Amino acid sequence: MKNLLQGKDPQMLALAGCTIGNIFYGVSYMLTRIAQQSAPPAVQLSLRFLIAFVLVNLLVLSGKAKLQLKVPHLWHLPVTSLAAVAVFYTESLCVYYTNSSFASLVMAVLPVFCLIGAAIFLKEYPSRRQVIYSFFPIVGVIFITLANNQMGVVDLIGILVTLLCCVATIFSRLVGRKIAPEFTAFTRTYSLLFFGSICFTTTALISVKGDLSVFIYPLTQPSFLLSTLALCILCSLVAQTMVNYSYSVLPVVTISAINTISTVVGVVAGFVLLREPVNAMSLFGSVLTLYGIWQVSRPDKSKDPIPSATNSDE
């Protein structure tokens, strides 16, 4: 990885990596829907992380990748990993106790809270242009969500779970950015897969009351295997490492804006591959989102360049 990045602009690499990673995340919505036709969500998530963890260990054992564990604050690694695991859990609970429309609308405003949190805790102050255009992806996601869902009824438990999801997501992004200079992107990905495998498998076993046949059955289904392998390789390994690398270089406001591209990709993938409906409001929201991301991400000549904090062995 070190040789690959030599002579390259770290900020451009981070922008490209974060964008490609979130494109993969957008496709993951479709792949997850396919996989969940053969397995309940808890089991599907457990198998996804277990398979990805096996693959990432093969990379380590073959010498293709290295772990960076000898650092003064090693305990920071499980903190950020468990924060990411909490995001996975709370997102699922958010959709379960509310509905996808309400959850998406609330999640759409996260870039604003991340911007505020980054300014307070990380001293990352965005330009006026970035502040203005960071609202464009938010409005775009709201348009996309309203175009494809009905709001439905949301009770108090749903609201509380959604707020918990917001807190977990903001905390995960801020902590991820804070510890990025301490660990390589691959090491952070490895840690997430390790703790995710433990947490999700434990939850899955509890949910199926220890019935291992529920785990074995999905592995006999070709559609589940293909979609889950794609999730493991494209999302859990490639996309996660790319996004982790971007945390070493880009400010939180830029990362949060680019994250919204996954919603646009999810709509496009569903329309093209699953023949899901799309309308003018969805298209308008997608254009608004992409334009806002471009404005937030492009270099601001009125400000000093964003300092790079990349690791030498990435």
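Where in the chain does Leu-67 lie? Leu-67 sits in the loop between α3 and α4 (76–97). The model is predicted. The protein has 15 helices and 0 strands. Of its 314 residues, 49% count as buried. Among contacts between residues at least 6 apart in sequence, 93% join residues at least 24 apart.

- Leu-67 has a relative accessibility of 30%, so Leu-67 counts as partly exposed. Buried would need a value under 20%, and exposed a value over 50%.
- Leu-67 touches Val-60, Phe-186, Thr-187 and Tyr-190, leaving aside its neighbours within four places in sequence.
- Phe-183 is 116 residues from Leu-67 along the chain. Even so, the C-alpha atoms of Leu-67 and Phe-183 are separated by 8.7 Å.

**Helices α3 and α12**

- Two packed helices are described by the angle between their axes and the distance between the axes.
- Helix α3 covers residues 41–61. Helix α12 covers residues 222–247.
- The axes of α3 and α12 are 9 Å apart, and the helices pack at an angle of about 60°.
- α3 and α12 are therefore oblique to each other. Roughly parallel would need an angle under 35 degrees, and roughly perpendicular starts at 65.
- The crossing of α3 and α12 is right-handed.
- On the α3 side, the contact uses Gln-44, Leu-47, Arg-48, Ile-51, Ala-52, Leu-55 and Val-56. On the α12 side, the residues are Phe-224, Thr-228, Leu-229, Leu-231, Cys-232, Ile-233, Cys-235, Ser-236 and Leu-237.
- Sorted by class, the contact of α3 with α12 has 12 nonpolar, 3 polar and 1 charged residues.

**Ser-236, a residue of α12**

- Ser-236 is placed in helix α12.
- Is Ser-236 buried or exposed? Its relative accessibility is 4%, so Ser-236 counts as buried.
- Which residues does Ser-236 contact, leaving aside its neighbours within four places in sequence? They are Arg-48, Ala-52, Thr-189, Leu-193 and Leu-231.

**Helices α2 and α13**

- Helix α2 spans residues 10–35, and helix α13 spans residues 252–259.
- The axes of α2 and α13 come within 9 Å and cross at roughly 30°.
- That angle makes α2 roughly parallel to α13. The cut-off for roughly parallel is under 35 degrees.
- α2 passes α13 in a right-handed crossing.
- From α2, Leu-15, Cys-18, Thr-19 and Asn-22 take part in the contact. From α13, Thr-254, Ile-255, Ile-258 and Asn-259 take part.
- By class, the contact of α2 with α13 has 4 nonpolar, 4 polar and no charged residues.

**The salt bridge**

- How many salt bridges are counted? The count comes to 1 salt bridge.
- The side chains of Arg-177 and Glu-124 form this salt bridge, at 2.5 Å from N to O.
- The pair links distant parts of the chain, 53 residues apart. Arg-177 is in helix α9 (residues 156–179). Glu-124 is in the loop between α6 (110–122) and α7 (128–133).
- Arg-177 has a relative accessibility of 13%, so Arg-177 counts as buried.
- Glu-124 is buried too, because its relative accessible area is 15%.

Note on methods:
Residues are numbered from 1 along each chain as its sequence is written. This is a predicted model: local features need pLDDT of at least 70, side-chain atom pairs count only at pLDDT 80 or more; totals for chains, interfaces and linings use all residues. Side-chain values use heavy atoms; hydrogens and water are left out. Helices (H or I, at least four residues) and strands (E, at least two) are DSSP runs, numbered from the N terminus. Buried means under 20% relative accessible area, exposed over 50%, partly exposed in between (1.4 Å probe, protein chains only). Contact means heavy atoms within 4.5 Å. Axes are lines fitted to C-alpha atoms, for helices over the stretch in contact, and angles run from 0 to 180 degrees between N-to-C directions. Angles under 35 degrees count as roughly parallel, over 145 as roughly antiparallel, 65 to 115 as roughly perpendicular and the rest as oblique. A crossing is left-handed if the near helix is turned anticlockwise from the far one by less than a right angle, and right-handed if clockwise. Ala, Val, Leu, Ile, Met, Phe, Trp, Tyr, Cys and Pro count as nonpolar, Asp, Glu, Lys and Arg as charged, and the others, Gly among them, as polar. A salt bridge is a side-chain nitrogen of Lys or Arg within 4 Å of a carboxyl oxygen of Asp or Glu.
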